[in-house]
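Please look over the structure shown below before reading on.

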Amino acid sequence: MLPLGCGDKEAAKPTPPPKKVEVVEAKRVSFRPSFEVPAVIEAVETAQIFPIVASRILYQNIEPGKYFEQGEELVRLDPYPFETAVATAEASIAEAMSNYEEAKANFDRAQNLRPQGYISAKDFDTAKAAMQAAEAKLNTAQTALHQAQQDLSHTSIVAPFSGRVGHPNYAVGDFFILPNSVPITQMVKIDPVYVLAHVGQKAYNEFYAAVEKLEQQGRAIPNMELYIELPGGTVYPFTGEFFSWDATAAATRGTVAARVLFHNPDGLLLPEENVTLYGKLLEEVERIVIPQKAVSQDQQGHYVYLLDQEKKVKRANIEVGMRIGPNWAVRQGLKVGDQVLIEGLQKVSPGDVVEVTPVDIKQLENPVPSNLRPPPHSLRDQLRNEREAFREYQRSIMEARQRNQPGDVYTPYETGK
């Protein structure tokens, strides 16, 4: 059979309709940069309470969770053996003092008689040696008394700082033996507390690079409002105060630990409790912003698809900055007014003509909670003052112990409180 339609031109293929896409217009937006990271509550101070001397527990005030002021008595050990040691040491001092006075009197007479030749050099040396030996025994007895007095003072165990105690590991009547690896209890400082967060090393280095740049420009470092959200979504009412970065990085995690101080007057924040730390700059900044779903990434980096004047698709490489809710700030690669594709990216290629549906950038409303308020005072100053008060407290204890002399009226429970 002869081919049919020889010589007829092939029918022209119909032109496909333009692909439909959604675009947004790149805009400069004012916002307050913010972050959120998981964090954990950490006690500023934790003490394992160990007796310094071995004795039977006479009574204790420890109740789990009970609050103690610095210097309040936690435990009283049986003082009887130490009171006996003090009495024995005082008796030894009395005997040593008597022997010393007698030996010194003999030496004084020998010293007066020697110029007249009434005693020999040997007798003089014997009197002098006897006096020196008696003085040495007196010094030894005085040292023993000071040690006995200190041991007696250690039978009253007091809170080294203000805080809460844990469960007691011993009962009244138990005999505490030294050395011992099990403490009587644990004490935790509850106000203020740290909130410990781990920040990526890259973010840490970028932060300090930005700080250095601001300092070179003579600009102040922006202030940031720090607050936490408790499990269950409750926002803690007090803002925090940045305290410090860790001295070393966690190599295995690629992070650096940061600590923020929080006022905790009612003890609501408990050590080891998981929270979320939020930070928000107090000053607003302006950046070009586009939705995150408009941004793709390949070996060349981040990029977006734009529309040129002929409604054709073209690629633009960009450098992204911080995330702002569902949007991304753009550092380089875009200008205000650029038409950026956000839907239909998978079905278009550079050079395609598209049908455009414009949409608006969705802004995430993320205001600072209204119940936030600053702490009543500087938490850093509070820690500094408390630590200075504790050093003064320790100095007063040592001075009180050094003032105890043979023959003084000794009240063991006053020393160390």
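At 33% relative accessibility, Lys 104 counts as partly exposed, where partly exposed lies between buried (under 20% relative accessible area) and exposed (over 50%), with a 1.4 Å probe and protein chains only. This is a predicted model, in which local features need pLDDT of at least 70 and side-chain atom pairs count only at pLDDT 80 or more, while totals for chains, interfaces and linings use all residues. Residues are numbered from 1 along each chain as its sequence is written, and side-chain values use heavy atoms, with hydrogens and water left out.

**Salt bridges**

- Side chains of opposite charge can pair when their charged atoms come close.
- The structure holds 10 salt bridges, a salt bridge being a side-chain nitrogen of Lys or Arg within 4 Å of a carboxyl oxygen of Asp or Glu.
- Lys 104 pairs in this way with Asp 108, with 3.4 Å between the closest N and O atoms, and Asp 108 counts as partly exposed at 29% relative accessibility.
- Because Lys 104 and Asp 108 are 4 residues apart in helix 1 (residues 80-113), about one helical turn separates them; helices (H or I, at least four residues) and strands (E, at least two) are DSSP runs, numbered from the N terminus.
- Another salt bridge joins Glu 73 to Arg 76, whose closest N and O atoms are 2.6 Å apart, and both Glu 73 and Arg 76 are buried.

**Lys 189 and its surroundings**

- Lys 189 forms a salt bridge with Glu 386, the closest N and O atoms being 2.5 Å apart.
- Since Lys 189 lies in the loop between strand 11 (185-188) and strand 12 (193-200), and Glu 386 in helix 4 (residues 379-403), the pair ties together parts that are 197 residues apart in sequence.
- Lys 189 counts as buried at 3% relative accessibility, whereas Glu 386 is partly exposed, with a relative accessible area of 29%.
- Leaving aside residues up to four places away in sequence, Lys 189 touches several others, among them Ala 43, Phe 161, Gly 163 and Leu 383, contact meaning heavy atoms within 4.5 Å.

**A nonpolar surface patch**

- Leu 58, Tyr 59 and Val 172 form a nonpolar patch on the surface, with about 240 Å² of accessible area together, as given by the Shrake-Rupley method with a 1.4 Å probe, where for residues only the protein chains shown count as cover.
- Patches are made of residues with over 30% relative accessible area and no salt bridge, like charges being joined within 9 Å and nonpolar side chains (Val, Leu, Ile, Met, Phe, Trp, Tyr) within 5 Å.
- Tyr 59 is found in strand 5 (residues 55-60), and Tyr 59 is partly exposed, with a relative accessible area of 32%.
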